[in-house]
Amino acid sequence: MKKKYMLLPAMMAAATLVLVGCSGTGDTENGDTSAGGLSIDVPDVPMMDKLDKAEGEVNIVAWSGFVEPAWSDQFTAETGCVVNRRVAGTSDEMVTLMRTGDYDLVSASGDASLRLIAGGDVAPINIDLIPNFGDDTVKGMQGQIYDTINGKSYGVPIGRGANILQYNSEIVTEAPTSWDVVWEEDSPYAGEIIAYDAPIYIADAAVYLMTHEPDLGITNPYALDQKQLDAAIELLKTQNGIVSEYWADPVAQITSYAGGTSVVGTSWEILRKLTEDEKFKSVLPEEGSTGWADAWMISAEAKNPNCGYLWMDYTSSAEVNGAIAMGFGMAPANGAFCETSDEAAAHCEYFHATDEEYFENVWFWTTPLEQCIDGRTDVTCTNFQQWTDAWLTVKS
Amino acid sequence: MTSTVPRVTTPGQGRVQPAGRKPLSTRLHRSPRLRLLGLLALPLTWLVGVYIFSLVMLLVTAFWRTDPFTSKVIPGFTLDNFVRLVENPAYLSTSLRTLSIALLVTLLSVMFSIPLGIFMAKVASPWLRAFLAVAITLPLWAGYLVKILAMRITFTENGFFNSALEPLGLSGPGFSYTTVVLTLTYLWFPYMALPVYTAVRQIPANLFDASADLGARSWTTIRTVVVPLLKPALIAGSIFTFSLSLGDYLAAKFVGGSTQMIGSVIASNINLNPPIAAAFSVVPIVFVLVYLFAVRKTGALDRM
């Protein structure tokens, strides 16, 4: 992921700018006493320096499938920490839940993690306390911009995956190689296209425009200036005329394909598998795609930090990390898992776990900021609020 | 059995009354205001504490703002959220679409429930009447989400609706505006049908006879006799169908395709930007208030 490494210095500069920019917005209520408020100044949230006695329980907000008895029972037996799970459906819900202060850990995706870090809701992580987080972690998940700020790590990687193009091979007989079948007005499948229902989907339009309208100069789908955002919205509005429906609920997406309402559109590998029908196939189109990379993050106000650290370490081991990845259907963060068995190797092969070339074309969800994360300084980029607002106009 | 035990106490015995204090019942009897207070304290606490307070809290949030980066809500006072409602045409078109859906659902419910009510109350045998009453209320026993998902399966491309229409060479509406209207009508129909049926039952049979004696055909009778008498029932029912449709978002989500309603916008903003969601929730409140006010003007509320 060469280009993303190059973004790191730019990101650090951007982070500093966020600091300066946000402190000027008149947010005096939060004061200096709160854990950072809008500041993403790292020292504001103290890092755990050594492990103490386990508290006896840990409260986790997670995606469905990340915390399962299959591996959490073993954890409880080993450490004495009882695991309380709360399943969240969207990144936004996770952010809201973490701010209640009732939870110790969250399995945050890139679009939630920056908000959590900037909001002072999560604490930096002391990697020394997590022996399993080390060299085995796949290259593409080390020090990514969505969980590493100012050189401090805020997340322990769990896994990653791409938003793929799924199609019904009985109707879409010729395997598509481009996203054009879901974006272009004259698509042969107009009226049978399914699209993702969230503001972050604007980035998918931007990825398509990156290749097809190079004049717009988009180099990172999460760094769009107003003109580029308008172009993406325009494309989404065109698409609105040819979609059968939008999905946010995984069950709705599966039934939409299975019931024949949709034949082509955006999907996750796990959802394709869940249809249990070989006629549904998937492809990562030539334009690349958006994707997600998830990481454990620990609350700044964690009541059970020791159990939290123990959990992060436990789930980073090759076996447990692999079990989560296989359960959810994603590429594991721990590359060592791939060598544990033939089944594991097949899983890694299928999900391109160590195939950085594959993921080079995948733009992981990241919260859009006013400071362009592609390094541009001559323009202001659109922030997530503007994306949310613009997203409304797509469906009206 | 206690009857074998001789009674040794009489009422009042053993109770020591402190000097100058009367029993509670006496005091309540003397003071009507205290009586009223005692009676209303619990329901009022519920109404004010739970219902009105949370509504006010919601509306107060509409004047707060959200940090654009962290999506944290920051208390304060700003009218920005309302300005954005006006500036972004998506809010207006969504509001109007939702209003039209709610009105259509109400209209369809009225159109179905009047003939059904007349049939049940005046034509059907007691057995059939009981059967229909159960049939109407039966959907209320099932979960709301279950019913919407059932509609989703019915209207899906390979679903019942399309396969039933296929021999005729037609295809169903798929997931669209029309499907949302049909689904909401299905969901809220009992709330209209039951008051209408009850009201029709209360119309004396001799009014129908008189109308027939004067030469009116059934349509004229319905128009000039039944509907005016049903007005309070229709309005009571329409308050349910109208306001429930205005607030719904799951129907749009599961059977609406790309249909966007007020509820779906609020639902998608509730985590990202609670203040704008709160500001937008004022719109359906205004719609319902205007509706109630218009209804009050007609005087129908007095007869309910």
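User: In this predicted model, which exposed residues are carried by the face of H2(A) turned away from its buried side?

Analyst: In the predicted model, that face of H2(A) carries Pro69(A), Ala70(A), Asp73(A) and Ala77(A), which are exposed. The buried residues of the helix, which spans residues 69-79 of chain A, are Trp71(A), Ser72(A) and Phe75(A).

User: What makes the buried residues of H2(A) line one face of the helix?

Analyst: Seen down the axis of H2(A), the directions to its buried residues fall within an arc of 100 degrees, and therefore these residues line one face. Among the elements that cover them are strand S2 (82-87), helix H10 (305-316) and helix H11 (318-328) of chain A. After H2(A) comes Gly80(A), with a positive phi near 80 degrees.

User: Why is Glu276(A) called exposed?

Analyst: A residue counts as exposed if 12 or fewer other C-beta atoms lie within 10 Å of its own; Glu276(A) has 9 C-beta neighbours inside 10 Å, and so it counts as exposed. Glu276(A) belongs to the loop between helix H9 (269-274) and strand S12 (280-283) of chain A, and its phi, near 50 degrees, is positive although the residue is not glycine.

User: And why is His352(A) called partly exposed?

Analyst: The label of buried requires 20 or more other C-beta atoms within 10 Å, the label of exposed 12 or fewer, and partly exposed lies in between; His352(A) has 19, and it is therefore partly exposed. His352(A) sits in the loop between helix H12 (342-350) and helix H13 (356-360) of chain A, and, in a residue other than glycine, its phi is positive, near 55 degrees.

User: Turning to chain B, what makes H4(B) oblique to H10(B)?

Analyst: Helix H4 (residues 89-123) and helix H10 (residues 218-247) of chain B pack at an angle of about 140 degrees, their axes being 9 Å apart. Roughly antiparallel would need an angle over 145 degrees, and roughly perpendicular one of 65 to 115, so H4(B) is oblique to H10(B). The crossing of these two helices is right-handed. Among the residues that make the contact are Val105(B), Ser109(B) and Ile114(B) of H4(B), together with Leu230(B), Gly237(B) and Phe242(B) of H10(B). By class, the residues of this contact divide into twelve nonpolar, eight polar and no charged.

User: How do you know that H10(B) is roughly antiparallel to H14(B)?

Analyst: H10(B) and helix H14 (residues 282-297) of chain B pack at an angle of about 170 degrees, with 10 Å between their axes. Since angles over 145 degrees count as roughly antiparallel, that is the term for H10(B) and H14(B). Their crossing is right-handed. The contact is made by Ile235(B), Phe242(B), Ser243(B), Leu246(B) and Gly247(B) of H10(B) and by Pro284(B), Phe287(B), Val288(B), Tyr291(B) and Val295(B) of H14(B). These residues divide into eight nonpolar, two polar and no charged.

User: Where the two chains meet, which helix gives the most to the side of chain A that touches chain B?

Analyst: The contact takes 32 residues from chain A and 29 residues from chain B. Elements that each supply at least two residues of the chain A side include helix H1 (2-23), strand S10 (243-247) and helix H14 (384-394) of chain A, and H14(A) gives the most, with six residues. The residues on this side of chain A divide into eleven nonpolar, 13 polar and eight charged.

Conventions. Residues are numbered from 1 along each chain as its sequence is written. Chains are lettered from A and ligands numbered from 1 in the order in which they are written. This is a predicted model: local features need pLDDT of at least 70, side-chain atom pairs count only at pLDDT 80 or more; totals for chains, interfaces and linings use all residues. Two residues are in contact if their C-beta atoms, placed from the backbone, lie within 7 Å. Helices (H or I, at least four residues) and strands (E, at least two) are DSSP runs, numbered from the N terminus. Ala, Val, Leu, Ile, Met, Phe, Trp, Tyr, Cys and Pro count as nonpolar, Asp, Glu, Lys and Arg as charged, and the others, Gly among them, as polar. Axes are lines fitted to C-alpha atoms, for helices over the stretch in contact, and angles run from 0 to 180 degrees between N-to-C directions. Angles under 35 degrees count as roughly parallel, over 145 as roughly antiparallel, 65 to 115 as roughly perpendicular and the rest as oblique. A crossing is left-handed if the near helix is turned anticlockwise from the far one by less than a right angle, and right-handed if clockwise. The arc is that of the directions from the helix axis to the C-beta atoms.
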